[in-house]
Amino acid sequence: MAVQYRPIIGDWYLTAEGDSFEVVAYDPEDGTIEIQYFDGAVEELDLETWWELPMIPSEPPEDWSGSMDISAEDYGVDLERASPQAMQNPLDDMEF
């Protein structure tokens with residue numbers, strides 16, 4: 001008999017195929033659960049399918065950007081700009 005886990009929003013699971021997903025919505029009145037895979041794909045399941053899904057609880061992924069579909073430019077970091085340690089202070093070139 002498989003272990004059954006209640007759908008709790010924010011919990012992460014790992015499927016038998018190795019796909020990780022998060023429970024993002026649960027409507028007990030409707031009996032529907034919405035899950036979002038790490039790659040951003042969203043799927044709606046009914047409770048019957050949820051109970052039959054082979055899964056184990058897992059930790060959230062360290063790289064949270066997977067489901068956000070963002071690029072490095074969206075991080076707010078200019079990758080072309082030199083690091084602050086590599087920049088020179090313009091006052092260093094002035095003569096007093």
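Modeller: Strands are treated as paired if DSSP finds at least two bridges between them. Helices (H or I, at least four residues) and strands (E, at least two) are DSSP runs, numbered from the N terminus. This is a predicted model, where local features need pLDDT of at least 70 and side-chain atom pairs count only at pLDDT 80 or more, while totals for chains, interfaces and linings use all residues. Residues are numbered from 1 along each chain as its sequence is written, and side-chain values use heavy atoms, leaving out hydrogens and water.

Biologist: Which residue in β2 is the bridge partner of W12?

Modeller: Strands β1 (residues 12–15) and β2 (residues 20–27) run antiparallel, and three bridges join them. On the β2 side, the bridge partner of W12 is E22.

Biologist: Which are the edge strands of the sheet?

Modeller: Strands of a sheet pair through backbone hydrogen bonds, either parallel or antiparallel. Here the pairing is antiparallel, and five strands form an open sheet in the order β4-β3-β2-β1-β5. The strands that pair on one side only are β4 (42–46) and β5 (55–58).

Biologist: What does the twist average from one strand to the next?

Modeller: Axes are lines fitted to C-alpha atoms, for helices over the stretch in contact, and angles run from 0 to 180 degrees between N-to-C directions. From one strand to the next, the twist averages 40 degrees.

Biologist: Does T15 count as buried or exposed?

Modeller: T15 has its place in strand β1. Buried means under 20% relative accessible area, exposed over 50%, and partly exposed in between (1.4 Å probe, protein chains only). With a relative accessibility of 7%, T15 counts as buried.

Biologist: Which residues is T15 in contact with, leaving aside its neighbours within four places in sequence?

Modeller: Contact means heavy atoms within 4.5 Å. One of the residues that F21 touches is T15. With those neighbours left aside, the contacts of T15 are F21, P54 and M55.

Biologist: How many aromatic pairs does the rule count?

Modeller: Rings of Phe, Tyr and Trp (its six-membered ring) pair if their centres lie within 6.5 Å; planes under 30 degrees apart count as stacked, over 60 as edge-to-face and the rest as tilted. By this rule, the number of aromatic pairs is five.

Biologist: Why is the pair of Y13 and W50 edge-to-face?

Modeller: Y5 and Y13 make a tilted pair, at 5.9 Å centre to centre and 45 degrees between the planes. For Y13 and W50, the centres are 5.5 Å apart, and the pair is edge-to-face because the planes are at 85 degrees.

Biologist: How many residues apart in sequence are the parts that this pair ties together?

Modeller: W50 counts as buried at 0% relative accessibility, and Y13 does at 2%. Y13 lies in strand β1 and W50 in helix α1 (residues 47–52), so the parts tied together are apart in sequence by 37 residues.

Biologist: What distance separates the C-alpha atoms of F38 and P60?

Modeller: F38 is in the loop between β3 and β4, and counts as partly exposed at 27% relative accessibility. F38 and P60 are 22 residues apart along the chain, and their C-alpha atoms are separated by 9.3 Å.
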